[in-house]
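Here is a short tour of a protein model, from its strands to its overall build. Keep the structure open as you read.

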Amino acid sequence: MVAEPAIVGNSEILQVAEAVSREKGIDREAVIEALEQAIQVAARRKYGHEMQIISQISRKTGMISLYRQRNIVEVVENYATEMDLEDAKKRDPKAELGGVVSEALPPIDFGRVVAQTAKQVIIQKVRDAERDVQFNEFRDRVGTIINGVVKRVEYGNVVIDLGRSEAVIYRERCIPREMFKQGDRVRAYVEDVRRERSGPQIFLSRVHPQFIAKLFEQEVPEVYDGIIEIKAVARDPGSRAKMCVSSNDPSIDPVGSCVGVRGSRVQAVIQEIQGEKIDIIPWSPDPATLVVNALAPAEVAKVVIDENRGRIEVVVPDEQLSIAIGRRGQNVRLAADVTGWEIDILTEETSTKKRQEEFARLSRLFIEALDVEDVIGELLVTEGFQSVEEVAFVSTEDLASIEGFDADVAEELQRRAKAYLDNREQNLKNKLKELGMEASIATVPHLMPEMLAPLQQGGVKTLDDLADLARDEFNELVPGSTLNAAQVDEMIMKAREHWFKE
């Protein structure tokens, strides 16, 4: 309870402030400021609400001083708050226009009504101070684990008693199928703390990925000491989780340390999260190795990395496909979350078919664009060329070094490639002009003249219109496009490039 406001104007008032400060755990200065404000409110009730009254309590003696302040103006419109310069100089010879004159007021008699008003002000101020203390305390605990007791359950939301504060775990932040009743002890992750009108709101979670990391920090001393580092955690709460770990000490096995003797450490964590299975994965700086580890227990035959798109194509034997994908895609989804790579799972047959189709598409492109025989087109694809631009602008020496080519062949191929590109650019400009589209669209890569009409019919006339498109929208407008996803993305990002220039 807040102490009865004994406003007596001597050292007792300091004793009251000290007692309230200790009882509520808030700063003594905050209590004294609350008392000063309460006295101001009481004084205004006595002298008039429109007056500017300041109260001060001596921090040494407890003496209360009251002052009325009036602004110095040329023309007085309100005598309660204003004073002309002539009168002001009678009280203070140094007074100036725009300044303030303070006048001492006689002590007031704190009757029952005034004291009650002061009490309400003090209670409110002390409550505000308590809330500030709670907010600052829990703001620093965001990202940690906290213990509490279930106070009540409302529509699936669990209210947790933390002692001097309450917190809430919303239903969607509870692990599926877990039930709480009043009096249960709960551990949860402090996800957020917000300052709201009703006081600090503390939001807890038991499904946050970092909840598992913090539980291991409590169960595994090597994690707590920083010898073992938890790199990432991905969860399907209540079902399965994957956690990447690495060791800063080569002599310590990070996986074995987290598992513990006969699984004692990992089992302690599993019990806390309602039996959720945890795959502990050794972290690797090599993306291919990391993804292979994350997809375990599936066996991987081949990995192809596309660093530009942040995607990894994983080829698995036919009989391993279901294991790699997992139930409802859980295994590959968690592996993607924990590694940060988008993962495409393919069987060996599908991968082979896809590569054959890509090989045929590129071969046809070179045969038509460069007007060469099939064997030359296929040879360029085999050597890794992906576009006519690459043929046009690679060094002649590199092109001539291909087995079966010489300098004359290389120069001729580059001449034809550049002629093809010039012709394509001119056709593109002509087509843009014919369709009434912005000429700057021609600057984006991979855009073909035959794509313009469908785009124009879809309302794309300017570079901004093209930049507004998503990959799926582009494919809908240009269904016959031979561009792959990466090329479409590159085209759209190039169109957006001018948005980010200063």
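## Strands and a hairpin

Strands here are DSSP runs of E, at least two residues long, while helices are runs of H or I with at least four residues, both numbered from the N terminus. Two strands pair if DSSP finds at least two bridges between them. This is a predicted model, in which local features need pLDDT of at least 70, side-chain atom pairs count only at pLDDT 80 or more, and totals for chains, interfaces and linings use all residues. Residues are numbered from 1 along each chain as its sequence is written, and side-chain values use heavy atoms, without hydrogens and water.

Let's begin with β5 (residues 145-154). With strand β6 (residues 157-161), β5 pairs in the antiparallel sense over 5 bridges, and Val-149 sits opposite Asp-161 of β6. The two strands form a hairpin with 2 residues between them, and Tyr-155 in that turn has a positive phi of about 50°.

β5 also runs antiparallel to β8 (residues 185-196), joined by 5 bridges. There, Ile-146 has Ala-188 of β8 as its bridge partner.

## The overall build

Stepping back, the protein holds 20 helices and 15 strands. Its radius of gyration (taken over C-alpha atoms) is 37 Å, well over the 23 Å from the globule rule (2.2 Å times the number of residues to the power 0.38) for 502 residues, so the protein is more spread out than a compact globule. The C-alpha trace spans about 110 × 75 × 45 Å along its principal axes.

Of the 502 residues, 40% count as buried, meaning under 20% relative accessible area with a 1.4 Å probe, protein chains only.

Terms used. Buried means under 20% relative accessible area, exposed over 50%, partly exposed in between (1.4 Å probe, protein chains only).
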